[in-house]
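Here are my notes for your first look. Keep the model open as you read, and check each point against it.

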Amino acid sequence: MGKRTVVHGSFSVDRYYPASPERVFAAFGTAEARAQWMHTWKGQHLAATHHTLDFWPGGIESFECVGPSGHRYRYVGRFYDIVAPDRLVYAYEMYQEDVRISVSLASVQLTRDRGGTQLVYTEQGVFLDGLDGPATREAGVADELAALEQVAFLRS
Amino acid sequence: MLRSMRETRSDLDQMFQALADPSRRAIVARLSEGPASVGELAGPLPMSLAAVVQHVKVLEASGLIQTRKTGRVRICRLEPAALRRVDGWIGEQRAAWERRLDQLGIYLADSAPGDASRADTDNA
């Protein structure tokens with residue numbers, strides 16, 4: 001058994017949409033709508049399998065997918081607070097090859113604004129046991145850029 | 001507290017949005033091999049020089065690159081310290097959500113009710 005570690009992280013992103021909060025909130029509420037925009041990772045559309053969605057407080061969402069490098073992922077989320085069309089609070093676990101790699105808390109806040117909607121997405125999570133090391137991480141923008149940064153540093 | 005969160009977030013926002021474009025990532029990749037003029041950057045890219053200039057401006061505004069004009073030539077170079085802030089698991093999560101929220105905007109626009117530009121068969 002290797003060293004046990006935890007990495008904390010959080011971020012928040014926001015957008016303005018020229019659509020009502022009701023329409024924006026509805027885009028989160030069904031599997032069909034979510035499949036239209038949410039199943040993207042590393043710039044690729046991911047085919048989610050075994051997808052279940054119980055969109056109510058206490059309900060579970062789960063699905064599996066295969067990442068660009070072939071790693072198998074499983075997502076298991078629980079909804080805690082659903083107040084249409086104002087907010088959504090949920091937590092989720094991510095597994096890679098059946099090993100838990102992260103646990104996160106997420107919230108979506110919608111505010112009516114000038115005929116449209118201001119959306120704020122906030123996430124905070126713990127990433128477990130350094131499973132973001134080179135052997136297990138997906139190659140993607142961050143890895144490419146980490147490599148670039150090393151090259152740039154050496155040349156500067 | 002939300003306001004101060006936004007202030008510290010805004011520069012990272014710009015970097016992630018700058019990197020969300022594949023042409024800009026290609027420019028950053030080229031600059032990792034050393035400084036280059038805008039003309040040299042434009043060479044391999046399938047777009048006009050004016051479009052490349054726009055991409056360079058976005059990258060410079062985000063802090064990922066620096067540029068300096070020498071005579072008529074603008075030389076670009078990578079700002080390595082900026083890239084360190086983008087790396088890591090949280091960076092990947094954030095980048096994924098930047099794309100998802102962009103996709104959500106497209107989905108909302110495509111499914112907007114009463115849109116005059118849509119085909120007649122779509123009118124409910």
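1. Start with a term. Two residues are in contact when they have heavy atoms within 4.5 Å. In chain A, take the contacts with a separation of 6 or more: residues 24 or more positions apart account for 45% of them. Bear in mind that this is a predicted model.

2. Next, the layout of chain A. The chain has three helices and nine strands. Read from the N terminus, the order is β-α-α-β-β-β-β-β-β-β-β-α.

3. Now the surface. Chain A has 156 residues, and 46% of them count as buried. Its accessible surface is about 7,900 Å². Carbon and sulfur atoms make up 56% of that area.

4. Look at V83(A). This residue sits in strand β6 of chain A, which covers residues 72-83. With a relative accessible area of 28%, V83(A) is partly exposed, because buried means under 20% and exposed means over 50%. Between V83(A) and Q109(A) there are 26 positions in sequence, yet their C-alpha atoms lie 9.7 Å apart in space.

5. Which form does the peptide bond from A84(A) to P85(A) take, cis or trans? The bond is cis, and its omega is near -5 degrees. P85(A) belongs to the loop between β6 and β7 of chain A. For context, most peptide bonds are trans.

6. Check the backbone at E97(A) and D98(A). Phi is near 50 degrees at E97(A) and near 70 degrees at D98(A). Both values are positive, in residues other than glycine. Most residues other than glycine have a negative phi. E97(A) lies in the loop between β7 and β8 of chain A, and D98(A) has its place in that loop too. E97(A) is partly exposed at 35% relative accessible area. D98(A) is partly exposed at 48%.

7. Turn to chain B. How do helices α2(B) and α4(B) lie relative to each other? Their axes come within 10 Å and cross at roughly 75 degrees. Angles of 65 to 115 degrees count as roughly perpendicular, so α2(B) and α4(B) are roughly perpendicular to each other.

8. Stay with this helix pair. From α2(B) come S23(B), R24(B), I27(B) and V28(B); they meet H55(B), V58(B) and L59(B) of α4(B). The contact residues comprise four nonpolar, two polar and one charged.

9. Finally, the cysteines. How many disulfides does the structure hold? Over all chains, the count is zero. C65(A) is buried, at 9% relative accessible area. C76(B) is buried as well, at 0%.

How values were computed:
Residues are numbered from 1 along each chain as its sequence is written. Chains are lettered from A and ligands numbered from 1 in the order in which they are written. This is a predicted model: local features need pLDDT of at least 70, side-chain atom pairs count only at pLDDT 80 or more; totals for chains, interfaces and linings use all residues. Side-chain values use heavy atoms; hydrogens and water are left out. Axes are lines fitted to C-alpha atoms, for helices over the stretch in contact, and angles run from 0 to 180 degrees between N-to-C directions. Helices (H or I, at least four residues) and strands (E, at least two) are DSSP runs, numbered from the N terminus. Angles under 35 degrees count as roughly parallel, over 145 as roughly antiparallel, 65 to 115 as roughly perpendicular and the rest as oblique. Ala, Val, Leu, Ile, Met, Phe, Trp, Tyr, Cys and Pro count as nonpolar, Asp, Glu, Lys and Arg as charged, and the others, Gly among them, as polar. A disulfide is a pair of cysteine sulfur atoms within 2.5 Å. Buried means under 20% relative accessible area, exposed over 50%, partly exposed in between (1.4 Å probe, protein chains only). Accessible areas come from the Shrake-Rupley method with a 1.4 Å probe; for residues, only the protein chains shown count as cover.
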